[in-house]
Amino acid sequence: MYAFIFGRDKLLGFIELISWLKARSIDYSMINYAEDFSYCIIAVDDAVIDELTTWIAGTVKIVKITCFWHSIESINIEELTAVVNAVINDKINYGINIFVNASRKKREQIYSIIKQKFKQFFNANKCKARLVMPRLKHKLHYLQPKEIITKKLIESKTDFCFFISESVVYAGYTVKLINPEQFKQKDQARTAVSIEAMSPRLAKILINLAGLKQESFMLDPFCGIGTVLVEATLLGINVVGTDINENKINAARQNVKAITSKTVPVIKADATKLAEIQAGLMQNAKFDAIVTEPYLGPLLRHLPSYKQAKLFKQKLEKLYNAFLDQAAKLLKQKAKLVMIVPYFKTKGKKKRIVNINLKFEHFRIYNAIAEYKPDAIPITYNTKTKIGRLIYVLERC
Ligand SMILES: C[S@@+](CC[C@H](N)C(=O)[O-])C[C@H]1O[C@@H](n2cnc3c(N)ncnc32)[C@H](O)[C@@H]1O
């Protein structure tokens with residue numbers, strides 16, 4: 001049994017994980033998940049974890065669950081450390097992480113009860129273990145990846161995590177960290193840059209939402225400087241990129257080559273006329289998925305007026321619906337189309353939201369998690385660009 005702790009866009013991380021498992025028909029059962037989607041606990045085979053870690057990008061930490069109790073009072077540290085076979089000696093550092101939907105005061109109380117239990121346990125074992133304190137300025141009672149890495153808590157199996165709900169406390173130790181630094185490094189590795197480019201982390205999540213696997217065939221028809229192409233190529237997916245802008249095409253080729261050492265087809269094409277060049281894309285064969293962040297409208301420094309937002313909406317609906325028509329012709333049955341779609345918050349007293357309406361003639365909404373009903377998944381609002389973003393996961397029907 002494992003707990004998965006999700007990063008900034010929690011719901012997105014959760015859906016990514018389930019999409020990855022479903023795409024591979026891997027057996028799992030959902031044991032528990034937090035109301036705010038900050039974590040989920042699932043029963044899944046140990047053998048899956050290593051591969052999963054190389055693919056998913058929305059999870060920050062994976063915890064092996066080894067014990068459970070029915071109340072905080074019955075938490076037994078001896079039982080926990082014995083099952084974990086943790087290294088217990090004078091030199092060890094350890095962490096206490098608690099995940100509970102409660103007020104800060106309540107969390108502090110729970111944290112200090114558990115802290116006391118650890119102290120008693122180490123005293124009884126005549127061991128001067130050192131507790132790594134979470135940086136409470138974030139008002140969180142769990143450690144950040146950097147702290148876990150520098151104190152080597154994964155190696156000593158002593159980053160202890162407690163998932164507390166009303167009737168049960170699950171506990172275990174961290175086995176994997178998805179280090180956020182790796183995405184920063186990749187971001188910096190791009191030799192050609194663009195203000196419109198998405199983050200490598202988001203690109204990887206979109207690829208997983210599309211259920212892509214090694215050797216699948218993927219198209220990014222608004223490829224820009226190639227962020228999705230790079231991430232997919234690194235995962236062993238066959239990619240084709242197209243874009244209307246010659247400079248972007250060159251930049252995409254350059255980035256893919258610089259980061260993956262591979263050359264992939266990047267072709268100049270209008271996404272609303274893709275079927276015309278279908279033969280040139282993949283010798284007429286159809287794709288397993290389209291993953292893309294299309295043109296999202298002009299870059300905004302300020303919130304637009306309602307009138308401006310309506311104009312953006314009209315233009316983008318025309319572009320997207322024409323593209324969706326073409327996309328249907330290039331995809332296999334049941335293939336996924338994962339696409340970012342903007343929405344606009346307007347300025348003025350009467351703050352309104354202007355949404356883009358897509359025509360899904362050849363597609364249906366795909367929900368990897370039956371409990372999640374909305375048509376699209378929101379991405380954290382970026383106040384810098386003033387554009388809201390939603391992710392649509394569609395299935396060709
Ligand atoms: C938001 S950017 C994509 C960014 C990309 N995900 C990246 O990380 O670099 C949108 C891209 O769509 C391209 N574009 C705009 N209209 C297009 C069209 N009709 N057909 C194909 N590409 C188009 C632009 O040139 C731009 O590179």
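Trainee: Which helix axes come within 8 Å, and at what angle do they cross?

Mentor: An axis is a line fitted to C-alpha atoms, for a helix over the stretch in contact, and angles run from 0 to 180 degrees between N-to-C directions. In this predicted model, helix α1 (residues 10–23) and helix α7 (residues 200–209) have axes that come within 8 Å and cross at roughly 45°. That angle makes α1 oblique to α7, given that under 35 degrees counts as roughly parallel, over 145 as roughly antiparallel, 65 to 115 as roughly perpendicular and the rest as oblique. Numbering starts from 1 along each chain as its sequence is written. The model being predicted, local features need pLDDT of at least 70 and side-chain atom pairs count only at pLDDT 80 or more, while totals for chains, interfaces and linings use all residues.

Trainee: Which residues of α1 and α7 meet?

Mentor: Contact here requires C-beta atoms, placed from the backbone, within 7 Å. On the α1 side these are L12, I15, E16, S19 and W20, and they meet I205, N208 and L209 in α7. By class, this contact of α1 with α7 has five nonpolar residues, two polar and one charged. Nonpolar covers Ala, Val, Leu, Ile, Met, Phe, Trp, Tyr, Cys and Pro; charged covers Asp, Glu, Lys and Arg; the others, Gly among them, are polar.

Trainee: At what angle do α7 and α8 pack?

Mentor: The angle between α7 and α8 is about 65°, and their axes are 9 Å apart. From α7 the contact takes P200, A203, K204, L206 and I207, and from α8 it takes T227, V228, E231 and A232. The contact of α7 with α8 has six nonpolar residues, one polar and two charged.

Trainee: How do α8 and α9 cross?

Mentor: Helix α8 (residues 227–234) and helix α9 (residues 246–260) have axes that come within 9 Å and cross at roughly 30°, so α8 is roughly parallel to α9. L229, V230, T233 and L234 of α8 make the contact with A252, N255, V256, I259 and T260 of α9. Six nonpolar and three polar residues form the contact of α8 with α9, with no charged residues.

Trainee: Which residues are closest to the ligand?

Mentor: A residue is near a molecule if its C-beta atom, placed from the backbone, lies within 6 Å. The ligand has 21 residues around it, and F222, G224, T227, N245 and A271 are the closest. This shell consists of 11 nonpolar, five polar and five charged residues. T227 also belongs to the contact of α7 with α8.

Technical notes
Helices (H or I, at least four residues) and strands (E, at least two) are DSSP runs, numbered from the N terminus. Two residues are in contact if their C-beta atoms, placed from the backbone, lie within 7 Å.
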